[in-house]
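Welcome, and have a look at the model below before reading on. The notes that follow cover a sheet, a helix and a chain contact.

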Amino acid sequence: MTFEIENRISASSGDYNIGLIRDDFPALSLECNGYPLAFLDSGASAQKPSKVLERMDHAYRNEYANVHRGAYTLSQQATDNYEHARKTVADFMNAKTADEIIFTRNVTSAINLVAHSYGRNFLKAGDEVIISHMEHHANIVPWQLLMEAIGIELKIAPIDDAGNFLLEDFEKLLSPKTKLVAITHVSNVLGTIVPIKTIVQLARKVGAKVLIDGCQGIVHEGVDVQSLDADFYAFTGHKLYGPSGIGVLWGKIDILNSMPPYEGGGDMIETVTFEKSTFRDAPARFEAGTPPIIEAVGLASAIDYVTDVGMDNIAIHENNILKYATSCLSAIEGLRIIGNAEKKIGIISFELDGIHPHDISTIIDSKGVAVRAGHHCAQPLMDRFGVPATTRASFGMYTNEGDIDQLAEALNYAKGIFG
Amino acid sequence: MEDSLRELYQEVILDHGKNPRNFARPQNTNYQADGNNPLCGDRLTIFVKLGADNIIEDVGFDGRGCAISIASASIMTDIVKGRSIEQIDILFSIFHKMCTGEDFGKAPSEFEDDIDKLMVMSGVKQFPMRVKCATLSWHAMQAAVRGDEIASTE
């Protein structure tokens with residue numbers, strides 16, 4: 001297996017063998033409405049390599065039982081797999097210990113966990129939480145709920161017209177009242193890479209904790225949580241070429257162990273009587289009930305896959321595709337790209353004169369092109385740019401120039417229909 | 001697929017989408033409602049002047065949306081003028097079935113012309129994800145005349 005993967009990166013030149021990579025993803029050979037599928041919606045959810053699918057299938061067939069319960073061989077094996085996956089995630093993020101890795105359902109549940117467990121116990125009325133103008137609803141609504149529940153204040157860090165995060169304006173929002181900064185690593189709409197390391201350093205000066213929404217960020221540039229030195233970092237499996245139904249909340253172990261449980265149930269307790277229960281330390285404290293067992297195995301397999309190809313190689317490839325796509329799309333008359341930050345990843349949101357994103361999406365789907373149209377769960381950001389919706393093409397490790405050419409051709413076809 | 005697409009985006013719809021009729025707030029309206037499609041953020045407001053006998057005397061709309069939702073609102077506002085609330089309910093029921101490809105039986109003869117006009121939207125039945133675009137303005141219309149302020153497609 002290792003040998004096969006090595007072939008994907010040519011030993012002599014470091015070239016990325018996109019053909020071999022694409023062969024690993026069965027969905028990429030699908031046809032859609034008589035055309036080869038050009039899948040440009042990886043930012044919503046990525047396709048899965050065969051290796052992940054086969055690993056999960058194998059685990060269901062041969063290694064499946066509930067975890068942390070049975071004293072029999074099969075349950076021990078399932079538990080070992082699950083805990084091995086935790087270790088794989090910890091190594092991938094450079095966490096100090098696997099105990100800092102909590103498996104959740106997705107990033108939404110990870111952020112809600114922090115808002116409930118940390119927020120309701122360590123924040124109080126009048127404390128300030130700072131988010132940015134380009135957050136996904138998953139990193140807005142939990143804080144609004146907390147605002148209504150306990151009276152925290154929500155502050156919004158602004159961005160400029162190109163979509164750059166404005167560090168100086170952010171710094172002005174910081175004060176001793178700032179207790180938490182919750183910011184995305186990369187904008188899911190604009191592709192902007194946010195200077196999270198500087199944000200952490202600035203937040204530290206006022207003693208604020210920092211949560212990073214790593215949904216898009218970890219996929220495109222990875223993360224080293226020790227070097228970053230934030231307090232929480234959340235990401236989801238399905239955007240990282242793994243299964244849906246599993247997400248990760250990393251937190252500093254001391255903070256996690258100071259937090260009360262979020263959900264109560266089996267597996268998270270030490271003892272239970274009808275009078276009182278006592279709880280285990282992290283991660284078990286935050287994993288009540290049967291966890292996503294095989295999803296964890298699939299996520300670990302996806303991490304092995306991208307690690308073997310090389311996160312750096314993937315980033316270089318995606319950056320090349322971004323440049324190519326930016327140039328191709330800019331050449332289409334009437335097309336305006338929304339989000340031109342200095343540092344961005346492979347996401348292009350755009351408007352096309354006189355054609356609503358939903359119409360674009362329906363029309364180019366007839367040419368086999370899959371993109372997302374809508375507000376991308378970021379309505380405040382849409383308002384910021386004065387648009388109700390955008391069309392978004394987002395790229396993955398398997399996107400090639402052919403996909404971009406097919407997109408450009410389909411957009412010209414849509415323009416033709418609308419005259 | 002291309003035939004279905006051409007049927008959906010036929011000239012009449014593109015024309016209504018680009019040059020919507022009744023795209024303004026009429027004078028002296030007494031009812032209005034917003035129609036929201038939370039999936040895409042599209043939003044229309046329907047303004048109605050309802051007479052004492054429950055007849056729509058005037059109607060208009062504004063807002064932002066895709067070609068399908070704007071064209072549908074444009075066609076709807078043309079049709080409902082002079083109709084009663086009860087007649088609008090019947091028309092919407094027929095139109096909804098048209099959009100989802102259900103058999104709407106034999107419509108009462110008084111609606112024949114209206115149904116001919118609405119038929120241009122029926123191509124949407126090939127695109128289930130777009131049915132809500134076509135019905136958004138109708139939901140808002142019903143909400144307006146019932147005195148609700150907001151209609152949602154969800």
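Two strands count as paired if DSSP finds at least two bridges between them. In this predicted model, strands β13(A) and β14(A) pair in the antiparallel sense over four bridges. Here is a short tour, starting from that pair.

**The sheet in chain A**
- Strands of a sheet pair through backbone hydrogen bonds, in either a parallel or an antiparallel way.
- Four strands of chain A make an open sheet, ordered β13-β14-β17-β16, with antiparallel pairing.
- At the edges sit β13 (335-338) and β16 (372-374) of chain A, each of which pairs on one side only.
- From one strand to the next, the twist averages 30°.

- Helix α14 (residues 357-365) of chain A lies across β14, β16 and β17 (390-394) of chain A.
- This helix runs at about 155° to β16(A).

**Where chain A meets chain B**
- On chain A, 20 residues are in contact with 21 residues of chain B.
- The two chains bury about 1700 Å² between them, with 56% of it on carbon and sulfur atoms.
- Between chain A and chain B there are two salt bridges.
- K367(A) forms a salt bridge with E2(B), and their closest N and O atoms are 2.8 Å apart.
- The elements giving two or more residues to the side of chain A that touches chain B are α14 and α16 (401-418) of chain A.
- α14(A) gives the most to that side, with five residues.
- By class, that side of chain A has eight nonpolar, nine polar and three charged residues.

Methods. Residues are numbered from 1 along each chain as its sequence is written. Chains are lettered from A and ligands numbered from 1 in the order in which they are written. This is a predicted model: local features need pLDDT of at least 70, side-chain atom pairs count only at pLDDT 80 or more; totals for chains, interfaces and linings use all residues. Side-chain values use heavy atoms; hydrogens and water are left out. Axes are lines fitted to C-alpha atoms, for helices over the stretch in contact, and angles run from 0 to 180 degrees between N-to-C directions. Contact means heavy atoms within 4.5 Å. Buried area is the accessible area (1.4 Å probe) that two parts lose on being put together, summed over both. A salt bridge is a side-chain nitrogen of Lys or Arg within 4 Å of a carboxyl oxygen of Asp or Glu. Ala, Val, Leu, Ile, Met, Phe, Trp, Tyr, Cys and Pro count as nonpolar, Asp, Glu, Lys and Arg as charged, and the others, Gly among them, as polar.
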